[in-house]
Amino acid sequence: MSSEPRRCPGCGKETPRPEARFCEHCGVALALAEPPPPPRDVFGDRAVRFRALEGHAKLAALLTAKPEVPELAGKTLPSLLLLAGLCVGGLLISLFTLQLCPPLFLVPLTLVVVGAVAITRNLLWSARTPLVARPALIAAVRAQLQAGAERSHSNTRHFVQLEDAHGERVELECLPSAVRMLEPGALGVAYLKGKKLAAFASVSV
Ligand SMILES: [Zn+2]
């Protein structure tokens, strides 16, 4: 906004309040103050940068790459073993409690079923959800602390705003290992696993 004071077109005196609609001295209607200039594209000219990315030699390789994602790698076998262990262990504990105090056997059984369902859902999600690569601009990154967990890093969830070539933004949760790759303003290839950002490869353009 300009720092030049507004002047009344009627009497020529300054109008101190920028939001004033009438002159305080002569009552003439004032033109509204100029609207603030549209926000500048803080990350440079988006269209130009996306075009540069499209022409970049590394882009094709990055779009077909399968990045290493610690949260997704090598989880299938341990999860299956955990599932099997949970079922066997749960069954044994349930039988044991059944003999000691019959009504109580529902407690371990319920815990086992809940745990097994959670593991199975996780496995299915991981197996069925493809990793999708697409060009994106990191518009913003924010951390969200879970209530009462200010000191525990593991309870911080991170979210990223991705912007596409047309300026449309979408906010996604990040897998923890992806957070360190995210620099606001960076342009590159985002790897999405469902509605989560699994990895990001920055390309300098
Ligand atoms: Zn005036």
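Because the model is predicted, local features require pLDDT of at least 70 and side-chain atom pairs count only at pLDDT 80 or more, whereas totals for chains, interfaces and linings use all residues. Residues are numbered from 1 along each chain as its sequence is written.

The chain contains four helices and seven strands, where helices (H or I, at least four residues) and strands (E, at least two) are DSSP runs numbered from the N terminus. From the N terminus on, the order of the elements is β-β-α-α-α-α-β-β-β-β-β. Of the 205 residues, 14% count as buried; a residue is buried if 20 or more other C-beta atoms lie within 10 Å of its own, exposed if 12 or fewer, and partly exposed in between, with C-beta atoms placed from the backbone. Among contacts between residues at least 6 apart in sequence, 46% join residues at least 24 apart, two residues being in contact if their C-beta atoms, placed from the backbone, lie within 7 Å.

Helix α3 (residues 76–100) and helix α4 (residues 106–128) have axes that come within 9 Å and cross at roughly 170 degrees. Axes are lines fitted to C-alpha atoms, for helices over the stretch in contact, and angles run from 0 to 180 degrees between N-to-C directions. The two helices are therefore roughly antiparallel to each other (angles under 35 degrees count as roughly parallel, over 145 as roughly antiparallel, 65 to 115 as roughly perpendicular and the rest as oblique). On the α3 side, the contact includes L82, L83, L86 and I93, and on the α4 side it includes L109, V112, I119 and L123. By class, this contact of α3 with α4 comprises 11 nonpolar, eight polar and no charged residues; Ala, Val, Leu, Ile, Met, Phe, Trp, Tyr, Cys and Pro count as nonpolar, Asp, Glu, Lys and Arg as charged, and the others, Gly among them, as polar.

A closed barrel of five strands runs β3-β4-β5-β7-β6, with mixed pairing. The twist averages 50 degrees from one strand to the next. Two strands pair if DSSP finds at least two bridges between them. Strand β3 (residues 131–145) pairs with strand β4 (residues 156–163) in the antiparallel sense over eight bridges, and L145 stands opposite T156 in β4. The pairing of β4 with strand β5 (residues 169–174) is antiparallel over six bridges, with H158 opposite C174 in β5. The hairpin of β4 and β5 has five residues between the strands, and in this hairpin G167 takes a positive phi near 85 degrees. Strand β6 (residues 187–193) and β7 are likewise paired in the antiparallel sense, over six bridges; V189 has A201 in β7 as its bridge partner.

K196 lies in strand β7 (residues 196–202) and is partly exposed, with 19 other C-beta atoms within 10 Å. Not counting residues up to four places away in sequence, K196 touches L172, E173, C174 and L175. The C-alpha atoms of K196 and L131 are separated by 9.8 Å, although these residues are 65 apart along the chain.

V69 is found in the loop between α2 (59–64) and α3. This residue counts as partly exposed because it has 17 C-beta neighbours inside 10 Å. Leaving aside neighbours within four places in sequence, V69 is in contact with L175, S177, A198 and A199. V69 and A198 are 129 residues apart in sequence and 6.6 Å apart in space, C-alpha to C-alpha.
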